[in-house]
Amino acid sequence: MSEHIRSQKPDSTTENQIMVRVQNLKKHFPITKGIIWSKQVGAVKAVNNVSFDIMKGETLGVVGESGCGKSTTGRAILNLLKPTSGKVFLEDIEITALNDNELRHLRPRMQMIFQDSYDSLNPRHSVAKIIAEPMVVNKTGSPAEIRDRVMELLELVGLNPNHAVRYPHEFSGGQRQRINIAKALALNPDFIVCDEPISALDVSIQAQIVNLFQDLQDQLGLTYLFIAHDLSMVQHISHRVAVMYLGQIMELTSCKNLSDNPLHPYTQSLMSAVPIPDPTRERNRTRIILEGEVPSPSSPPRGCVFHNRCPIAKDFCGDKMPEYKEIIPDHFLACHLADDKGGSLITV
């Protein structure tokens, strides 16, 4: 497999069918005071009113600074964390309305790949047992069929089937992540949440794993929510990108639109930090440096959560939360200064 990232991907998904729909998703963690008679005195608003759709066969990238709510969003979508409010649908099934038993039967269709490839694997189990475990628990075949499936999955992710008897500590970080991917594929899922699956890997290995994700999507028709803080990497693998800040989506559009015409001031600041492989352009461009610190999600600013750091903020930006809306086709924005007609921001 090539060590270079393949950026060729379709401009749109092949299927015009919604695989995942997220509506007004919120996840607030209570802040309590007291030891015996504890009471809630506040809440950490990790995810606050997030909405988006993911089409079948699409990769939606989610980027933002550490602590902005990316991983919590992924876990809340899969109901690994119970949402505070909002709705999540997998095709026509409302995940958030299911009880534990109903959710257990739906689990094979949606899986998660975590950031730490070592902590995600049981060090006491062989690779074969790790990959086989989901199939054994769900009783998907005979021991011989499960064994054959394990060998098939190892080949699919680019590992030697003869290494199935080895243990996680005998593999490199990139190989362990391939094992995690094989485990996630064991039950033939439709939707996978990838929670920063390459951030802990060497740069030379990251490209190989990204290429593997793309190959698997082409072969199996998978749908991804790809979470990362590396905007340039997300642009390579994703069809569309959602930019998060303090638990909310600031901008969502195609990779091309995000690269050619970033509209939100926060997105523009992120894009200005992405290196350009052209020394002249890199030397002459202007970096957008944001002032101040990211506020605490336990006490976010009133109105637009970004207004206290926004270089073009107006007085009214702190009065109320901006509406998250589609200002031009396939370009969603949460900004009081959005110009519906021109697809730009009003700066005067």
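Visitor: Which strands does helix H5 (residues 173-185) lie across?
Guide: Helix H5 lies across E6 and E7. The helix runs at about 170° to E6. Helices (H or I, at least four residues) and strands (E, at least two) are DSSP runs, numbered from the N terminus. Angles run from 0 to 180 degrees between N-to-C directions, along lines fitted to C-alpha atoms, for helices over the stretch in contact. This is a predicted model: local features need pLDDT of at least 70, side-chain atom pairs count only at pLDDT 80 or more, and totals for chains, interfaces and linings use all residues. Residues are numbered from 1 along each chain as its sequence is written, and side-chain values use heavy atoms, leaving out hydrogens and water.

Visitor: What is the order of strands in the open sheet?
Guide: The order is E6-E7-E8-E3-E9-E10-E12-E11, eight strands with mixed pairing.

Visitor: Why are E6 (110-113) and E11 (324-328) called edge strands?
Guide: Each pairs on one side only. From one strand to the next, the twist averages 20°.

Visitor: What packs on the sheet?
Guide: Helix H1 (residues 70-77) does, touching E3, E6, E7, E8 and E9. Its direction makes about 150° with that of E8.

Visitor: What makes E3 (residues 59-63) and E8 a pair?
Guide: Two strands pair if DSSP finds at least two bridges between them. E3 and E8 have four, in the parallel sense, so they meet that rule. Val62 stands opposite Ile227 in E8.

Visitor: What about E9 (residues 240-245) and E10: how many bridges join them?
Guide: Six bridges join E9 to E10, and the two run antiparallel. Tyr245 stands opposite Gln248 in E10. The two strands form a hairpin with two residues between them. In the turn, Leu246 has a positive phi of about 55°. E10 also pairs with strand E12 (residues 331-334), antiparallel, over three bridges. There, Glu251 has Leu333 as its bridge partner.

Visitor: Why is Val305 called buried?
Guide: Buried means under 20% relative accessible area, exposed over 50%, and partly exposed in between (1.4 Å probe, protein chains only). Val305 has 3%, so it counts as buried. Val305 sits in the loop between helix H10 (279-284) and E11. Not counting residues up to four places away in sequence, Val305 touches Tyr245, Leu246, Gln248, Met250 and Pro300. Contact means heavy atoms within 4.5 Å.

Visitor: Is Asn188 buried or exposed, and what makes it so?
Guide: Asn188 has 55% relative accessibility, so it counts as exposed. Asn188 is in the loop between H5 and E7. Leaving out residues up to four places away in sequence, its contacts are Pro108 and Arg149.

Visitor: What makes a space a cavity, and how many are there of 30 Å³ or more?
Guide: On a 1 Å grid over the protein atoms alone, a cavity is a set of points where a 1.4 Å probe fits but cannot get out. Points are joined across faces, edges and corners, and a volume is the space filled by probe spheres set on them. The count is two cavities of 30 Å³ or more.

Visitor: Where is confidence lowest, and where highest?
Guide: pLDDT is the predictor's confidence in each residue, from 0 to 100. The lowest mean is 57, in strand E14 (residues 344-345). The highest is 97, in strand E8 (residues 223-227). The chain averages 88, and 92% of the residues score at least 70. Over residues 1-15, pLDDT stays under 50. Where pLDDT is low, the predicted coordinates should not be read in detail.

Definitions and conventions: 1 Å grid on protein atoms, 1.4 Å probe; cavity = no way out; pocket = protein on both sides within 12 Å on 5 of 7 lines; lining within 4 Å.
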